[in-house]
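Welcome! Please take a moment to turn the model around and look for its open spaces before reading on.

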Amino acid sequence: MFSRTENFKQYTKYYPIVSTLIAVNLFVYVLTILPGVGENVLNYGVQANFLIQAGEWWRVFSAMFLHANFLHVFFNMFSLYLFGPELEKIAGKARFITIYLVSGIAGNLATYLLYDSSYASLGASGAIFGIFGAFGALVYYTRRTMPMLRKLILPIIVISVIMTFLQPNVNVYAHLGGLVVGFLLGLVYLHPKRILSWRKQKMAGK
């Protein structure tokens, strides 16, 4: 399920939304390391709670596309590369991008509401955890029909949550907020009857 065997051309063709998100995040990261440019990109995009409090609300969105260093962007984009395609395939392009963006924004809003005004953060982790949450909803719906899916997904979610509390400098509320909102959106989007209905519509449109 999460074994990627496609070549580059196949991957970008089959999973255009995931591919675009990875490309945008990498492009923005390159901008942030350019002398003279990177500092401005970070200054205008990072989630700084006191600046959001002052009215700069775009930061709850822009911070999703900024990363602190290469390892930060690498691990987030590797997670998106690995786990995103299956959800894009199951949910469809529009629903996948909704899960990703809304979960990321929700995680950053939780950061704003639950951390003090001096807190600043950046990264796509809330959106990534939204993907995990959506898979959690899929596990809930298929718990009787696909027990192997539960054995595959639940350890990933549990380990990710545990690591959230064990690693230093992690935005806990962004992770948990993204996870919860991704799960709720997954409950709406991934009901088996809805998936069956989408597939019938897709087949009828061919």
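Predicted model: local features only at pLDDT ≥ 70, side-chain atom pairs only at ≥ 80, totals over all residues.

Helix α6 gives the most to the lining of the largest pocket, with 8 residues. Helices here are DSSP runs of H or I with at least four residues, strands are runs of E with at least two, and both are numbered from the N terminus. Residues are numbered from 1 along each chain as its sequence is written, and side-chain values use heavy atoms, with hydrogens and water left out.

Back to the open spaces. Rolling a probe the size of a water molecule over the atoms shows where empty space is left. The search runs on a 1 Å grid over the protein atoms alone: a pocket is an open set of points with protein on both sides within 12 Å along at least five of seven lines, a cavity is a set of points where a 1.4 Å probe fits but cannot get out, and lining residues have an atom within 4 Å of a point. Grid points are joined across faces, edges and corners, and a volume is the space filled by probe spheres set on the points.

The largest pocket has a volume of about 880 Å³. Its lining counts 33 residues, and those closest to the centre are His72, Asn76, Ser125, Gln167 and His175. Two or more lining residues come from each of α6 (70–91), β2 (120–121), α8 (125–141), α9 and α10 (172–189). Sorted by class, this lining has 18 nonpolar, 15 polar and no charged residues. In this sorting, Ala, Val, Leu, Ile, Met, Phe, Trp, Tyr, Cys and Pro are nonpolar, Asp, Glu, Lys and Arg are charged, and the others, Gly among them, are polar.

The second largest pocket has a volume of about 420 Å³. Among its 16 lining residues, Glu88, Lys89, Gly92, Lys93 and Lys202 lie nearest the centre. The elements giving two or more residues to this lining are α1 (8–14), α6, α7 (93–114) and α11 (192–204). Here the classes are 8 nonpolar, 1 polar and 7 charged residues.

The structure holds 1 cavity of 30 Å³ or more, and the largest cavity has a volume of about 30 Å³. Phe2, Phe83, Phe132, Phe135, Ile153, Ile156 and Ile157 line it. Helix α9 provides the largest share of this lining, 3 residues. By class, the lining has 7 nonpolar, no polar and no charged residues.

Is threonine 164 buried or exposed? Its relative accessibility is 1%, so threonine 164 counts as buried; buried means under 20% relative accessible area, exposed over 50% and partly exposed in between, with a 1.4 Å probe and protein chains only. The side chain of threonine 164 makes a polar contact with the side chain of histidine 175 at 2.7 Å, and also reaches the backbone oxygen of serine 160 at 2.9 Å. A polar contact is a pair of N or O atoms within 3.5 Å; within protein, one must be able to donate a hydrogen and the other to accept it, and residues adjacent in sequence count only if both atoms are side-chain atoms. Serine 160 also sits in helix α9 and is buried, with a relative accessible area of 15%. Leaving aside neighbours within four places in sequence, serine 160 is in contact (heavy atoms within 4.5 Å) with Phe129 and Phe132.

Finally, look at the rings. A search of the whole structure finds 15 aromatic pairs. Rings of Phe, Tyr and Trp (its six-membered ring) pair if their centres lie within 6.5 Å; planes under 30 degrees apart count as stacked, over 60 as edge-to-face and the rest as tilted. Tyrosine 11 and tyrosine 15 form an edge-to-face pair, 5.2 Å centre to centre with 70° between the planes. The rings of tyrosine 11 and tyrosine 81 have centres 4.9 Å apart and planes at 25°, so this pair is stacked. That pair links distant parts of the chain, with tyrosine 11 in helix α1 and tyrosine 81 in helix α6, 70 residues apart.
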